[in-house]
Amino acid sequence: MSGQNPYQLLGGEDGLRKLCTAFYRIMDESPEAAGIRAMHGESLAAIEEKLFEYLSGWMGGPPLYVRRTGTVCLTMPHQPYAIGAAERDQWLLCMERALEEVGASADVKEMLREPLFRIADMMVNR
């Protein structure tokens, strides 16, 4: 891996966009993710872009989300939604499947496993 960050290892902007697209398609199509899908509007395009912007900076690429919002706070935008362990686990399942779909290496998946869990777990508010 020679010191590359997840953003680079996933293929930069193109790879991360593919991951975010796969993530929301999987959420949209998976009965196991119905709970979190119901928290989103009919169209997932705007939230897909927000996830892309956030993950870009979080994974070591350009800090797009911070440039747009001025912050990296994720708890406030999620506060209106009842998020428990089940919803956290649905989100993680979608991300795990998306990483698999885009062909992320075992090293990348392992590199991201614990940090993704910590982020998802921080959203739990009930």
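Serine 56 counts as buried, because its relative accessibility is 0%. Buried means under 20% relative accessible area, exposed means over 50%, and partly exposed lies in between, with a 1.4 Å probe and protein chains only. Serine 56 is found in helix H4. Which residues does serine 56 touch, not counting residues up to four places away in sequence? They are Tyr7, Leu16, Gly61, Pro62 and Leu64. Contact here means heavy atoms within 4.5 Å.

A word on the model comes next. This is a predicted model, in which local features need pLDDT of at least 70, side-chain atom pairs count only at pLDDT 80 or more, and totals for chains, interfaces and linings use all residues. Residues are numbered from 1 along each chain as its sequence is written, and side-chain values use heavy atoms, with hydrogens and water left out.

Now step back to the whole chain. It has eight helices and zero strands. From the N terminus on, the order of elements is α-α-α-α-α-α-α-α. Helices (H or I, at least four residues) and strands (E, at least two) are DSSP runs, numbered from the N terminus.

How does the overall size fit a compact globule? With 126 residues, such a globule would have a radius of gyration near 14 Å, and the chain has 14 Å, which agrees. The radius is taken over C-alpha atoms, and the globule rule is 2.2 Å times the number of residues to the power 0.38. Along the principal axes, the C-alpha atoms fill a box of roughly 40 × 35 × 25 Å. Of the 126 residues, 38% count as buried. Take the contacts in the chain with a separation of 6 or more: residues 24 or more positions apart account for 73% of them.

Next, look at the aromatic rings. A pair of aromatic rings is described by the distance of the centres and the angle of the planes. Rings of Phe, Tyr and Trp (its six-membered ring) pair if their centres lie within 6.5 Å; planes under 30 degrees apart count as stacked, over 60 as edge-to-face and the rest as tilted. A search of the whole structure finds three aromatic pairs. One of them joins phenylalanine 23 and tyrosine 24, edge-to-face, at 4.7 Å centre to centre and 90° between the planes. Phenylalanine 23 is buried, at 0% relative accessibility. Tyrosine 24 is buried too, at 6%.

Tyrosine 54 and tyrosine 65 also form an edge-to-face pair, with 5.7 Å centre to centre and 85° between the planes. Tyrosine 54 lies in helix H4 (residues 45-58) and tyrosine 65 in helix H5 (residues 64-69), so the pair ties together parts that are eleven residues apart in sequence. Tyrosine 54 counts as buried because its relative accessible area is 13%. Tyrosine 65 is buried at 9%. Ring pairs also link Phe23, Tyr24 and Trp91 into a cluster.

Serine 30 sits in the loop between helix H2 (12-29) and helix H3 (34-37). Is serine 30 buried or exposed? Serine 30 is buried, with a relative accessible area of 12%. Its C-alpha atom is separated by 23 Å from that of tyrosine 54, 24 residues apart along the chain.

Glutamate 87 belongs to helix H7 (residues 85-101). Glutamate 87 counts as buried, because its relative accessibility is 12%. Leaving aside neighbours within four places in sequence, glutamate 87 is in contact with Ile36, Met39, Ala82 and Arg126.
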